[in-house]
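Subject: Structure for you, with notes

Hello,

Here is the structure for your files. My notes on it follow below.

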Amino acid sequence: MGIFDRVGQLVRSQPATSKALAPESNQQMLEAHLSSLLASLLTMAWFVEARDPYTGGHLWRVSRFALLLAETSGLNKAQAAQISLGGFLHDLGKIGIPDAILGKTSRLTDDEYDVIKTHPEMGFRMLGGHPLADFVKDAVLLHHERPDGKGYPRGLLEDEIPLMAKIVGLCDAFDAMTSSRPYRSGMPIEKALSIIESNLGTQFDAKLGSLFIDLGRQKQLDLIVGYSDDGIPLEQCQACGLTLVIHKEHKAGDHLFCRQCTGEFVLDDVNGSLSPIATGRRGSASDLEPHLDQQLIANTVKQSIAAMPITDLTQAVMSNFKSS
Ligand SMILES: [Fe+2]
């Protein structure tokens with residue numbers, strides 16, 4: 001069974017809406033089609049993230065921070081869900097960044113930084129032919145713009161930056177600060193919030209930044225920072241420090257491999273949660289292949305479809321169809 005079939009089956013096994021639908025109704029078929037379109041985008045984004053083994057769970061965290069901030073800033077459920085999807089997809093263009101630059105642990109040269117700065121345009125071009133491109137393009141193309149005009153790729157000013165891009169950019173920067181890398185620990189939440197505070201109006205939108213700081217100080221980010229899915233904290237390889245991501249589908253006895261040092265772990269049930277125990281063995285090439293977190297994709301699709309009127313999604317597909 002192919003990846004999309006499996007994700008589609010997971011979405012259908014837990015219907016997105018509570019509306020009673022006649023089997024095979026047009027709406028049900030439309031919902032299934034839109035779910036497949038969304039799943040294809042999210043799957044692409046997930047595999048892009050899998051190229052960079054240092055950033056375990058980054059897309060999920062950015063999408064959750066973005067959902068919270070969008071809701072807190074007064075947007076309705078559908079708008080917040082759209083921005084959250086933008087958070088999941090924002091780094092699509094990293095597919096085009098060479099491994100040597102993406103995984104570099106020391107300071108980037110100016111030339112290397114210029115290569116990094118191509119990823120928003122690259123993501124935008126990748127998205128170009130997708131039927132739901134219009135829905136998330138602001139996040140993909142403009143998440144590195146800054147209110148003071150010093151961002152990229154366009155150098156837009158505060159009022160020119162779309163709300164989705166402002167929210168996703170802020171959440172992306174906060175996750176970069178609070179995430180651990182093998183060569184440095186993530187900073188404490190309060191320290192990252194105070195950095196946002198001192199850059200309000202320059203790097204970060206002042207109003208959104210203040211709301212986000214309030215969320216952090218009210219402890220509403222505590223179950224997202226350091227997690228890769230609802231209720232699943234990140235684990236670390238004891239040998240090399242790389243992040244190990246446990247999926248909802250995993251169970252006690254499953255094997256997990258560190259994609260950096262190839263160390264093998266077996267998952268043990270410790271007081272109801274899974275904990276990786278090193279076996280001392282090494283994984284083979286096939287053990288180290290990234291395995292798509294199908295449940296995470298299916299849940300994200302299901303939550304998005306449930307929050308957004310089908311008509312909005314259909315309009316996005318139709319406007320992309322007309323402009324292509
Ligand atoms: Fe980015």
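**Loops and backbone**

Thr262 sits in the loop between β5 (255–257) and β6 (263–270). Helices (H or I, at least four residues) and strands (E, at least two) are DSSP runs, numbered from the N terminus. Bear in mind that this is a predicted model: local features need pLDDT of at least 70, side-chain atom pairs count only at pLDDT 80 or more, and totals for chains, interfaces and linings use all residues. Residues are numbered from 1 along each chain as its sequence is written.

Thr262 is not a glycine, yet it has a positive phi of about 70°. It counts as partly exposed, because it has 17 C-beta neighbours inside 10 Å. The cut-offs: buried is 20 or more other C-beta atoms within 10 Å of the residue's own, exposed is 12 or fewer, partly exposed is in between, and C-beta atoms are placed from the backbone.

Asn271 also has a positive phi, of about 50°, and is not a glycine. Its place is the loop between β6 and β7 (273–282). Asn271 is exposed, because 5 other C-beta atoms lie within 10 Å.

Tyr152 and Pro153 are joined in cis, with omega about 5°. Pro153 lies in the loop between α8 (133–142) and α9.

**Helix α3 and its partners**

Helix α3 (residues 58–72) packs with helix α4 (residues 77–89) at an angle of about 155°, and the axes are 7 Å apart. Axes are lines fitted to C-alpha atoms, for helices over the stretch in contact, and angles run from 0 to 180 degrees between N-to-C directions. The two helices are therefore roughly antiparallel. The classes are: under 35 degrees roughly parallel, over 145 roughly antiparallel, 65 to 115 roughly perpendicular, and the rest oblique. On the α3 side, the contact includes Leu59, Val62, Ala66 and Ala70; on the α4 side, it includes Ala80, Ile83, Gly86 and Phe88. Contact requires C-beta atoms, placed from the backbone, to lie within 7 Å. The residues of this contact split into 8 nonpolar, 5 polar and 1 charged. Here Ala, Val, Leu, Ile, Met, Phe, Trp, Tyr, Cys and Pro count as nonpolar, Asp, Glu, Lys and Arg as charged, and the others, Gly among them, as polar.

Next comes helix α9 (residues 163–178). Its axis and that of α3 come within 9 Å and cross at roughly 130°. That makes α3 oblique to α9. From α3, the contact draws on residues including Arg61, Val62, Phe65 and Leu69; from α9, on residues including Ile167, Val168, Cys171 and Phe174. The tally is 9 nonpolar, 1 polar and 3 charged.

Which residues does Trp60 touch, beyond those up to four places away in sequence? They are Ser228, Asp229 and Leu296. Trp60 is in helix α3. It counts as buried, because it has 25 C-beta neighbours inside 10 Å. From Trp60 to Asn271 is 211 residues in sequence and 25 Å in space, C-alpha to C-alpha.

**Helices α4 and α8**

The axes of α4 and α8 come within 8 Å and cross at roughly 50°. These helices are therefore oblique to each other. Gln82, Leu85, Gly86, Gly87 and Leu89 of α4 make the contact with Phe135, Val136, Asp138, Ala139 and Val140 of α8. Those residues divide into 6 nonpolar, 3 polar and 1 charged.

**Cores**

The largest nonpolar core has 60 residues, and Ala66 and Ile167 touch the most other members. α3 gives the most to this core, with 9 residues. A nonpolar core is a set of buried Ala, Val, Leu, Ile, Met, Phe, Trp, Tyr and Cys residues joined through C-beta atoms within 7 Å. Leaving aside neighbours within four places in sequence, Ala66 is in contact with Ile83, Ser84, Gly86, Gly87, Ile167, Val168 and Cys171. Another core lies apart, with 10 residues, among them Cys237, Leu242, Val245 and Leu267.

**Leu234**

Leu234 is in the loop between β2 (232–233) and β3 (235–236). It has 19 C-beta neighbours inside 10 Å and so counts as partly exposed.

Best wishes

Note on methods
Contact = placed C-beta atoms within 7 Å.
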